[in-house]
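I opened my notebook on this one and wrote down what I looked up, in order. Here are the entries, for anyone who would like to follow along.

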Amino acid sequence: MTCLFSPADFNTIQISKRILPERSFYDSRRLEEIVKDCAEYFDVTVIALKSDRRDNIICVPRHAFCWLSFECTYKSLTQIGKHIGRDHTTVSHSLKRAKELRRDDEHFYIITETLKKQYLAMWR
């Protein structure tokens with residue numbers, strides 16, 4: 001059996017760049033697709049979702065966006081946050097809230113699970 005990499009190649013970053021070179025290009029488009037779908041499913045505008053508003057009508061779709069982006073792309077919390085004008089700590093908090101919502105709110109769970117399955121079927 002032939003190994004694709006020599007011992008000198010076992011730098012995780014270099015290996016991932018060789019195996020997944022096209023991922024980052026598509027992930028940027030994917031973030032935009034996720035934000036549009038979340039806005040549509042929760043009946044808010046993309047501008048509102050990316051705004052500074054903190055009312056529940058806007059925060060819930062934002063939590064869905066953060067969770068779906070984390071689950072379905074290879075983007076870091078910082079990159080996900082930049083896409084909606086937030087920092088990584090906000091995205092981390094949003095992931096925590098999304099997990100709680102998925103556990104407690106059946107409607108939220110169904111929407112996020114449906115979108116996740118749709119994205120993974122399209123992108124994998």
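I started with the surface: the protein exposes about 8,000 Å², and carbon and sulfur atoms supply 55% of that area. I note here that the model is predicted. I then looked up burial and found that 40% of the 124 residues count as buried.

Next I went through the secondary structure. I found seven helices and zero strands in the protein, and along the sequence the pattern reads α-α-α-α-α-α-α. I also checked the contacts with a separation of 6 or more: residues 24 or more positions apart account for 60% of them.

Then I picked out α4, which covers residues 56-72. This helix has 17 residues and reaches 24 Å from its first C-alpha to its last, close to the 24 Å expected at 1.5 Å a residue. How many of the residues of α4 are buried? I got 13 of the 17, so the helix is largely enclosed by the rest of the structure.

My last entry is on α4 and α7, the latter being residues 106-123. I noted to myself that two packed helices are described by the angle between their axes and the distance between the axes. For this pair, the axes come within 10 Å and cross at roughly 35°, and the crossing is right-handed. On the α4 side I listed V60, H63, A64, W67, L68, E71 and C72. They meet F108, T112, E113, L115, K116, Y119, L120 and W123 of α7. I sorted the residues of this contact into ten nonpolar, two polar and three charged.

How values were computed
Residues are numbered from 1 along each chain as its sequence is written. This is a predicted model: local features need pLDDT of at least 70, side-chain atom pairs count only at pLDDT 80 or more; totals for chains, interfaces and linings use all residues. Side-chain values use heavy atoms; hydrogens and water are left out. Helices (H or I, at least four residues) and strands (E, at least two) are DSSP runs, numbered from the N terminus. The expected span of a helix is 1.5 Å times one less than its number of residues. Buried means under 20% relative accessible area, exposed over 50%, partly exposed in between (1.4 Å probe, protein chains only). Contact means heavy atoms within 4.5 Å. Accessible areas come from the Shrake-Rupley method with a 1.4 Å probe; for residues, only the protein chains shown count as cover. Axes are lines fitted to C-alpha atoms, for helices over the stretch in contact, and angles run from 0 to 180 degrees between N-to-C directions. A crossing is left-handed if the near helix is turned anticlockwise from the far one by less than a right angle, and right-handed if clockwise. Ala, Val, Leu, Ile, Met, Phe, Trp, Tyr, Cys and Pro count as nonpolar, Asp, Glu, Lys and Arg as charged, and the others, Gly among them, as polar.
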